[in-house]
Amino acid sequence: MFNVPKRYISVKALYETVPKTEKQLDVINGWVRSVRLLKKVAFIDLYDGSTNRDVKVVIKEPEESDVVKSLKTGQCLTIHSPILKLTNGSRTQAFELLVENPTKNLQVLGHVTEHYPLQKKGHSLEFLRTLPTLKYRTLYYGSLLRFRSHMEEYFINFFNKQENMLKVSPPIFTVNDCEGAGEQFLVNSPVLQDKETFLTVSTQLHLEILSTAVSNCWTLSPCFRAEKSATPRHLMEFWMLEAELSFITSLDELISFTKRFLQSIVTQCYENQDSLLTDQIPTLINKPEILLKWEMLRDLDNWKTISYTEAIKILTEQHKKQPFPRYEPQWGEPLQTEHEKWLAGSHFKSPVFVTDYPKDCKAFYMKLNDDKNTVACFDLLVPEMGEIIGGSLREDNYNTLQYEMQRRNMNKDGELDWYLEMRQQGGAPHGGFGLGFERFISYLLGVSNIKDTIPFPRSANSSISL
Ligand code: 4AD
Ligand code: MG
């Protein structure tokens, strides 16, 4: 066994602080992405995950070292005293690491078997998905992990730093079905005292309570839905970003806020494009295409808004010209995914906010409009994906809310009395939205299957093996 030195330089730090002249480094650790063994020299592409870039390692006198002769993709290495050499003119990398005396300076920390399945050549995503313990080591899945992490940072920058909003931590166990869609997972344990406890489908109701204490707040937390549909846009366990704003009285205010939020996140992505995007895997991450999309999204004028009623009109016209394969658009019915994708993808060719849906298409808590038929809500639809955000003003009138709950046969055992009574205890007009984190990542990076955007996806019809 070798001792892993306490201080080593990460590949990211190497790239950030390339010295002007040749320099001997202390230690570098990482995994072999690929290796090429020649008579007089060996080359390794080494990565350590601190960045989406590999570093080229050049080893002199490879035949002298048994370790070098048996180097394999996937091995974990530690390299002592490499010399950082500038490689003027090289397009991809301004430097490489030279290892002299490999017997002394190169050590294997973790070996691989002959069956190590990841090789340099591009594997199909279908194949990689069968390797849940290894696939994150690939450039693609590694980039997705890093993107996710950076996005969380951008959320904090926007909500906490720019908007002075508090990040709160609502619970996962709950007795309420926020969305009323009956898609909850039941929690089963003899220690639970409530007769029915569920995993939350949305933390909104708890956020509403907290917003009466701290005003504007937000969270990013796991949500669970027993979705039967195994589609590229549904997970059983996903992360939802939810924001709740106090003192807003119009949907326009909520939509403007949502646009500002999206613009801020996309701008931060754009500004950090070098660390977020790689051009090493163009078929999976098409950098120029993604940058064009981000440029388009930074301009608020490119976010359209129409009412549900207008949307149905446009869809009906289209249906007459060329029927939608599965569903005829009809006022009073929810928009189907095929409608959403066509509206955003083919018709507007941009994200579109659709507002004021019929009340029976939406959840009980949404604020009733003056027409008494529609509610003050929006869905944000985007090309390829359909809905990625749902938001609304919340009904703040006690009687209207009580009536609506009765009409829906809800609150029979008074389990939502607390929610109603909040309207009598200094409630403020308020509203908010929920963004599906994985759908957002899929859209921003052009990932066609949402399962690739979350580590260890849990979705209908796929078993949980680890
Ligand atoms: O539209 P939804 O159901 O809205 C709510 O839950 C509100 N309570 C949010 C709020 O106002 N605070 O869900 C919000 C978003 C959807 O637009 C979608 O992006 C995502 O959550 N989502 C899913 N993502 C992946 N897999 C699923 N099964 C999802 N269900 C919803
Ligand atoms: Mg929705």
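Visitor: How many bridges join β2 to β5, and in which sense do the two strands run?

Guide: Welcome! A word before we start: this is a predicted model. As a general idea, strands of a sheet pair through backbone hydrogen bonds, either parallel or antiparallel. Here, β2 and β5 run antiparallel and are joined by five bridges. To see one position in that pairing, look at I28, which stands opposite I79 in β5.

Visitor: Which strand pairs with β2 over six bridges?

Guide: That is strand β3, residues 41-47, which pairs in the antiparallel sense with β2, residues 27-37. You can pick out L37, whose bridge partner in β3 is A42.

Visitor: In what order do the strands of this open sheet lie?

Guide: Eight strands form the open sheet, and the order is β1-β6-β7-β4-β3-β2-β5-β8, with mixed pairing. β1 (23-24) and β8 (106-110) stand at the edges with a single partner strand each, so one side of each has no neighbour in the sheet.

Visitor: What joins β5 to β8?

Guide: Four bridges do, and these two strands run antiparallel. T78 gives you a place to look, as this residue stands opposite Q107 in β8.

Visitor: Is strand β5 mostly covered or mostly open?

Guide: In β5, residues 76-80, four of the five residues are buried, and the strand is mostly covered. Now try β13 (217-224). There, eight of eight residues are buried.

Visitor: Which strands does β13 pair with, and how?

Guide: With strand β9, residues 166-167, β13 runs parallel, and two bridges join them. The bridge partner of L166 in β13 is C217. With β14, β13 pairs in the antiparallel sense over eight bridges.

Visitor: Where is R233 found?

Guide: R233 is in the loop between β13 and β14, the latter spanning 237-246.

Visitor: What does R233 touch?

Guide: Leaving aside neighbours within four places in sequence, R233 is in contact with T337, E340, M385, G386, E387, R439 and I450. With T337 there is also a polar contact between the two side chains, at 3.1 Å.

Visitor: Let's turn to the ligand. How many residues surround ligand 1, and which are the closest?

Guide: Ligand 1 has 24 residues around it, and the closest are E179, Q204, E242, E387 and I388. E387 is also among the contacts of R233.

Visitor: Which strands supply at least two residues each to the shell around ligand 1?

Guide: Those are β14, β18 (386-393) and β19 (430-436). By class, the shell has nine nonpolar, seven polar and eight charged residues.

Visitor: How much of the accessible area of ligand 1 does the protein cover?

Guide: On its own, ligand 1 has 630 Å² of accessible area, and the protein covers 94% of that.

Notes:
Residues are numbered from 1 along each chain as its sequence is written. Chains are lettered from A and ligands numbered from 1 in the order in which they are written. This is a predicted model: local features need pLDDT of at least 70, side-chain atom pairs count only at pLDDT 80 or more; totals for chains, interfaces and linings use all residues. Side-chain values use heavy atoms; hydrogens and water are left out. A polar contact is a pair of N or O atoms within 3.5 Å; within protein, one must be able to donate a hydrogen and the other to accept it, and residues adjacent in sequence count only if both atoms are side-chain atoms. Contact means heavy atoms within 4.5 Å. A residue is near a molecule or strand if one of its heavy atoms lies within 4 Å of it. Accessible areas come from the Shrake-Rupley method with a 1.4 Å probe; for residues, only the protein chains shown count as cover. Ala, Val, Leu, Ile, Met, Phe, Trp, Tyr, Cys and Pro count as nonpolar, Asp, Glu, Lys and Arg as charged, and the others, Gly among them, as polar. Two strands pair if DSSP finds at least two bridges between them. Buried means under 20% relative accessible area, exposed over 50%, partly exposed in between (1.4 Å probe, protein chains only).
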